[in-house]
Amino acid sequence: MIKSDSSSFSKLEIEKLLEMQRKLSTRGNKIDRSKFRDLLHNTFAITEDFIMDRVFKAFDKDNDSHLNEEEWILGMSVFLRGTIDELCKYCFDVYDMNSDGFISREEMFHLLKQSLIVPGNEQDDPDDGVKDLVEVALKKLDQDHDTRVSFEDFKTSIHDDNLLLECFGRCLPNLPRKESFLEQIADEAHLKK
């Protein structure tokens, strides 16, 4: 059983989240990628396929392609109530596509290209605009000027300007969706705080 002191949830909220997990489970007491993507899309309006897969990977700490109780509770704790440092780590993990500890120029290009909608009648190469955005992102985030963004670079940049947290794609719920979900699992004591 997950202890309430290891997450930002009360005991009752954990029980409600575990009940929700059981309903979403397809194999034993685990949520698969497909069910989790449906939840991200339908409940939190996160719609980019690639980002949804990266969010799943950030939750799936043991890389077994399913979310167990602990991964579900601790992942949702950061996703919904994370501190700025927890959110930095989470977003960095989503954006670090090859898990090498850096967000490279190529990863930035891929993430930004996935996020942009390019009008069909443009004469210019749409990749040029993405390349320009990568250069802007590097100027804002690459604190040590080594042409890639380490976790420390990312964290320092976010502490300077927290609007950069989701600079490579939306991987956190917007406030109305987050509040709506939290109301579903809230206990009376937490609502009174």
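1. A crossing of two helices is called right-handed if the near helix is turned clockwise from the far one by less than a right angle, and left-handed if the turn is anticlockwise. In this predicted model, helix 1 passes helix 4 in a right-handed crossing. The axes of helix 1, residues 11-24, and of helix 4 come within 10 Å and cross at roughly 120°.

2. The contact between these two helices draws on Glu 13, Ile 14, Leu 17, Leu 18, Met 20, Gln 21 and Leu 24 from helix 1, which meet Glu 69, Trp 72, Ile 73 and Arg 81 from helix 4.

3. The crossing of helix 2 with helix 4 is right-handed.

4. On the side of helix 2, the contact with helix 4 is made by Phe 36, Leu 39, Leu 40 and Phe 44, while helix 4 contributes Trp 72, Met 76, Phe 79 and Leu 80. The residues of this contact of helix 2 with helix 4 are 8 nonpolar, with no polar and no charged ones. Trp 72 of helix 4 is named here and is also listed in the contact with helix 1.

5. A further partner of helix 4 is helix 5, residues 84-95, and the two pack at an angle of about 110° with their axes 9 Å apart. Because angles of 65 to 115 degrees count as roughly perpendicular, helix 4 is placed roughly perpendicular to helix 5. The crossing of helix 4 and helix 5 is left-handed.

6. Val 78, Phe 79 and Arg 81 of helix 4 make the contact with Glu 86, Leu 87 and Tyr 90 of helix 5. By class, the residues of the contact of helix 4 with helix 5 are 4 nonpolar, no polar and 2 charged.

7. The structure holds 11 aromatic pairs, one of which involves Phe 79 of helix 4 and Phe 59 of helix 3, residues 49-59. The ring centres of Phe 59 and Phe 79 are 5.9 Å apart and the planes stand at 70°, so the pair is edge-to-face. The two residues are 20 residues apart, and the pair links distant parts of the chain.

8. Where does Gln 184 lie? Gln 184 belongs to helix 9, residues 175-185. Gln 184 and Glu 13 are separated by 171 residues in sequence, yet their C-alpha atoms are 9.1 Å apart in space. Leaving aside residues up to four places away in sequence, Gln 184 touches Lys 16 and Met 20, and Met 20 is also among the residues of helix 1 that contact helix 4.

9. According to the unreviewed UniProt entry, the annotation "domain: EF-hand" covers residues 47-82, 83-118 and 129-164. Over residues 47-82 the chain is 67% helix and 6% strand, with the end C-alpha atoms 21 Å apart. The span of residues 129-164 is 64% helix and 8% strand, and its end C-alpha atoms lie 19 Å apart.

Terms used:
Residues are numbered from 1 along each chain as its sequence is written. This is a predicted model: local features need pLDDT of at least 70, side-chain atom pairs count only at pLDDT 80 or more; totals for chains, interfaces and linings use all residues. Side-chain values use heavy atoms; hydrogens and water are left out. Helices (H or I, at least four residues) and strands (E, at least two) are DSSP runs, numbered from the N terminus. Contact means heavy atoms within 4.5 Å. Ala, Val, Leu, Ile, Met, Phe, Trp, Tyr, Cys and Pro count as nonpolar, Asp, Glu, Lys and Arg as charged, and the others, Gly among them, as polar. UniProt positions are given in the numbering used here, feature names are shortened, and annotations may be inferred rather than shown by experiment. Rings of Phe, Tyr and Trp (its six-membered ring) pair if their centres lie within 6.5 Å; planes under 30 degrees apart count as stacked, over 60 as edge-to-face and the rest as tilted. Axes are lines fitted to C-alpha atoms, for helices over the stretch in contact, and angles run from 0 to 180 degrees between N-to-C directions. Angles under 35 degrees count as roughly parallel, over 145 as roughly antiparallel, 65 to 115 as roughly perpendicular and the rest as oblique.
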